[in-house]
Amino acid sequence: MDFPIVKRATPGRYLLRGLLSCGPCDELLIPSFSSSGRRYYGCPRRQCPRPWIPAEQTEQLVWAHFASMHGAAARDVPNDQRQAILTAVLARVSIGVRIADLRYHWR
């Protein structure tokens with residue numbers, strides 16, 4: 001999938017900002033958005049085999065994994081506090097070519 005009009009995101013709400021890395025390239029993924037306003041994460045290397053990934057879907061997968069480990073305590077966390085919690089417990093999350101290929105590196 002190629003998104004030629006994807007632009008680098010300004011500071012804002014990206015749950016996995018600074019935590020999500022490209023499995024094939026081992027680079028930190030860049031939060032970005034399309035001209036339609038959809039949010040994405042993408043590898044800074046142009047030749048990367050991993051396509052741009054939808055931010056919302058990826059963020060939901062990571063939070064669901066965290067919540068499955070922490071149960072009720074995770075369910076009660078307000079959305080605006082989730083990034084701080086993930087930053088405290090995760091060193092990074094590596095993503096392979098597919099969104100489902102997530103590897104968690106806990107602190």
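Guide: Two packed helices are described by the angle between their axes and the distance between the axes. Here the axes of helix α1 (residues 55-70) and helix α3 (residues 82-89) come within 12 Å and cross at roughly 70°. That makes α1 roughly perpendicular to α3, a label for angles of 65 to 115 degrees. Axes are lines fitted to C-alpha atoms, for helices over the stretch in contact, with angles from 0 to 180 degrees between N-to-C directions. Helices (H or I, at least four residues) and strands (E, at least two) are DSSP runs, numbered from the N terminus.

This is a predicted model, where local features need pLDDT of at least 70, side-chain atom pairs count only at pLDDT 80 or more, and totals for chains, interfaces and linings use all residues. Residues are numbered from 1 along each chain as its sequence is written, and side-chain values use heavy atoms, without hydrogens and water.

Visitor: Which residues of α1 and α3 make the contact?

Guide: Contact means heavy atoms within 4.5 Å. Val-62, Trp-63 and Phe-66 of α1 meet Arg-82, Ile-85, Leu-86 and Val-89 of α3.

Visitor: In what order do the strands form the open sheet?

Guide: Two strands pair if DSSP finds at least two bridges between them. The order of the three strands is β2-β6-β7, with mixed pairing. β2 (20-22) and β7 (102-106) stand at the edges, each with a single partner strand, so one side of each has no neighbour in the sheet. Three bridges join β2 to the parallel strand β6 (residues 90-95); Ser-21 has Ser-94 as its bridge partner in β6.

Visitor: Which strands does α1 touch?

Guide: α1 packs on the sheet against β2, β6 and β7, its direction making about 55° with that of β7.

Note on methods. Angles under 35 degrees count as roughly parallel, over 145 as roughly antiparallel, 65 to 115 as roughly perpendicular and the rest as oblique.
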